Amino acid sequence: MLLMDTPTLHHPRPVERLIAGQPTSDGAGVKLVRVLTQNLQRRLDPFLMLDNFGTENPGDYIGGFPDHPHRGFETITYMLAGRMRHRDSAGNEGLLEPGGVQWMTAGRGVIHSEMPEQAEGRMAGFQLWLNLPARDKMQPPAYRDIPSAQIPQAQAPGVRVHVIAGQALGVAGAMQRPVTEPLYLDFVLEAGAHFEQPLPANHNAFVYVYEGTLDIAGTTVPMQRMAILANTPGADGVALQAGPAGARAILVAGAPLNEPIAQYGPFVMNTNEEIFQAVEDFRRGALA
Ligand code: CO
């Protein structure tokens, strides 16, 4: 039997903190849990926000996210269940389906809508906001729909990994981005399965468990908790061990930008002046 050779870590990172998300609503009344909130933006630089949505109740999602602007960063939407239609002012349109990812670079500005394309059934997934370096914030907007079949998978005993960005077990993900070098992995772990992922010690990283439980360096991470991984000097990665019921979890990591963060709602720039400019540009219709 040939088993895939997994890397062996010498100094796996411990968990620094466990975070419970905050139930909130956004868009036209969509209920969601904000896992990465504004007070964690410096700690988890270059990531600005993580929302987890998941419900069987159409009343929790049917309003969707009507037209709204963004400037200065990227939004990464990963669907686990359900279908959402995306339209934007750059003329892009796409349908997000289960297992698919939409990677949108707002750059200097885009106005878009994200609306459910179903009136019943389960809707679940994540939206992650990834900051852009100052020099790229005003780049032209860009957009990519990546259907489930185009997201590479890596396998190890008891483990399947959807490699959305970065790489795992030598498998390159669907997206590679410069500067922040984001890693975005979605794990399906059988009961007791073990997995090791190398990570540069200076990259900020977190794991969010959305089914079952995980053990990370002796800390049990329950369902619907985010574990912020310590940036211990000399640490070489993270070791995940699934609990008795198995686990589903995402691992997100990236190189910090170490630049000032100025946010006003859907605009994320470096200075207040740039925020005033974004609001002014939106008001006079220059974002579309
Ligand atoms: Co949006």
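## The largest cavity

In the largest cavity there is about 180 Å³ of space, where a cavity is a set of points, on a 1 Å grid over the protein atoms alone, at which a 1.4 Å probe fits but cannot get out, and where a volume is the space filled by probe spheres set on the points, with grid points joined across faces, edges and corners. By this rule the count comes to 1 cavity of 30 Å³ or more. The model is predicted, and for that reason local features need pLDDT of at least 70 and side-chain atom pairs count only at pLDDT 80 or more, whereas totals for chains, interfaces and linings use all residues. Residues are numbered from 1 along each chain as its sequence is written, and side-chain values use heavy atoms, with hydrogens and water left out.

The lining of the largest cavity consists of 16 residues, and Phe53, Phe65, Met84, Glu114 and Gln127 are those that lie nearest its centre; a lining residue has an atom within 4 Å of a point. At least two lining residues come from each of β3 (30-36), β4, β7 (84-88) and β11, and the largest share, 3 residues, is that of β7. Strands here are DSSP runs of E with at least two residues, helices are runs of H or I with at least four, and both are numbered from the N terminus. Divided by class, the lining of the largest cavity has 8 nonpolar, 5 polar and 3 charged residues, with Ala, Val, Leu, Ile, Met, Phe, Trp, Tyr, Cys and Pro counted as nonpolar, Asp, Glu, Lys and Arg as charged, and the others, Gly among them, as polar.

A pocket, in contrast to a cavity, is an open set of points with protein on both sides within 12 Å along at least five of seven lines. The largest pocket has a volume of about 300 Å³, and among its 18 lining residues Gly166, Gln167, Leu183, Gln197 and Pro198 lie nearest the centre. Two or more residues of this lining are supplied by each of β15 (167-168), β18 (194-198) and β22 (237-254), and the classes are 9 nonpolar, 7 polar and 2 charged residues.

The second largest pocket holds about 220 Å³ of space. Of the 15 residues that line the second largest pocket, Asp26, Phe65, His68, His70 and Trp129 lie nearest its centre, and the elements that give two or more residues to this lining are β4 (47-55), β5 (65-70) and β11 (123-131). The most is given by β5, with 4 residues, and the lining as a whole has 5 nonpolar, 6 polar and 4 charged residues.

## The cobalt site

The cobalt ion is coordinated at 2.1 Å by the NE2 atoms of His68, His70 and His112; donors are N, O and S atoms within 2.8 Å of the metal (3.2 Å for Na, K and Ca), and water is not among the atoms, so sites may look incomplete. Along the chain the donors follow the spacing H-x1-H-x41-H. Because His68 lies in strand β5 and His112 in strand β10 (residues 110-116), the pair ties together parts that are 44 residues apart in sequence.

His68 is buried, with a relative accessible area of 19%, and His112 also counts as buried, at 0% relative accessibility. Buried means under 20% relative accessible area, exposed over 50%, and partly exposed in between (1.4 Å probe, protein chains only).

## Helix α1

Helix α1 (residues 272-283) has 12 residues and spans 17 Å from its first C-alpha to its last, close to the 16 Å expected at 1.5 Å a residue, the expected span being 1.5 Å times one less than the number of residues. Within α1, Ile275, Ala278, Val279 and Asp281 are buried. Seen down the axis of α1, the buried residues fall within an arc of 160°, so they line one face of the helix; the arc is that of the directions from the helix axis to the C-beta atoms. On the other side of α1, Glu273, Phe276 and Arg283 are exposed.

## Backbone details

The peptide bond from Asp45 to Pro46 is cis, with omega near 20°, and Pro46 lies in the loop between β3 and β4.

Val179 has a phi near 65°, a positive value in a residue other than glycine, and lies in the loop between β16 (171-172) and β17 (183-189). Glu181, with phi near 45°, is likewise found in the loop between β16 and β17. Val179 counts as partly exposed at 34% relative accessibility, and Glu181 counts as partly exposed at 47%.
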